[in-house]
Amino acid sequence: AKDDLISWMLSTSPSDRPTIQQVRNHPFFWSDEKKLRFISDVDILFRQYPGRYLEGTCFLMSPWSKKLDKELLDHFNLMTTSEYNFRSVKHLVRCIRNVKHHYYEMTEHVKCSILSAPRGIYRYFSGKFPFFLMFIHKKI
């Protein structure tokens, strides 16, 4: 988010630069809780308008499940269900939303590996997918 904001602010044409209000509202300044809420809201948007967003976009170079801890995958039985397409950005958004909404149903071991909700959940996923928030923010 920081690099995106700085490059936007340094646009060669002044008319392409953000206003002070746009800078203040940029995801770089959002709390981890707000970032996680945004991702949850994007999941709702995807469900309301299937096929409208992120069709044909390429962000993930490999299945996203390979970057997640086995304990987390086991908790959601992600590897045995056909509910998730591990190459889909939309399904990664849904997974993050599900982790947020079902955090308190997780075992203590899984909670410890993710840290504490909601801050730890966002940091866990942003550590695995550092450019993900800005990718979906720009696409929405």
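Start by selecting cysteine 95. Its relative accessibility is 1%, so cysteine 95 counts as buried. Keep in mind that this is a predicted model.

Now select cysteine 112. Here the relative accessibility is 56%, so cysteine 112 counts as exposed. Buried means under 20% relative accessible area, and exposed means over 50%.

How many disulfides does the structure hold? The number is 0. A disulfide is a covalent bond between the sulfur atoms of two cysteines.

**Next stop: α3 and α5**

Select residues 89–101, which form helix α5. For α3 and α5, the angle is about 125 degrees and the axes are 9 Å apart. That angle makes α3 oblique to α5. The crossing of α3 past α5 is left-handed.

Show the side chains where the two helices meet. On α3, pick Leu36, Arg37, Ile39, Ser40, Val42, Asp43, Phe46 and Arg47. On α5, pick Lys90, Val93, Arg94, Ile96, Arg97, Lys100 and His101. Color them by class: the contact of α3 with α5 has 6 nonpolar, 2 polar and 7 charged residues.

By class, the contact of α3 with α8 has 5 nonpolar residues, 1 polar and 1 charged.

**Last stop: phenylalanine 76**

Move to helix α4, residues 70–76, and select phenylalanine 76. Is phenylalanine 76 buried or exposed? Its relative accessible area is 18%, so phenylalanine 76 is buried.

Now show what phenylalanine 76 touches. Leaving out residues up to four places away in sequence, the list is Asn98, Val99, His102 and Met106. Pick histidine 102 and draw a distance line from C-alpha to C-alpha. Phenylalanine 76 and histidine 102 are 9.5 Å apart in space by that line, and 26 residues apart in sequence.

Key: Residues are numbered from 1 along each chain as its sequence is written. This is a predicted model: local features need pLDDT of at least 70, side-chain atom pairs count only at pLDDT 80 or more; totals for chains, interfaces and linings use all residues. Side-chain values use heavy atoms; hydrogens and water are left out. Ala, Val, Leu, Ile, Met, Phe, Trp, Tyr, Cys and Pro count as nonpolar, Asp, Glu, Lys and Arg as charged, and the others, Gly among them, as polar. A disulfide is a pair of cysteine sulfur atoms within 2.5 Å. Buried means under 20% relative accessible area, exposed over 50%, partly exposed in between (1.4 Å probe, protein chains only). Axes are lines fitted to C-alpha atoms, for helices over the stretch in contact, and angles run from 0 to 180 degrees between N-to-C directions. Helices (H or I, at least four residues) and strands (E, at least two) are DSSP runs, numbered from the N terminus. Angles under 35 degrees count as roughly parallel, over 145 as roughly antiparallel, 65 to 115 as roughly perpendicular and the rest as oblique. A crossing is left-handed if the near helix is turned anticlockwise from the far one by less than a right angle, and right-handed if clockwise. Contact means heavy atoms within 4.5 Å.
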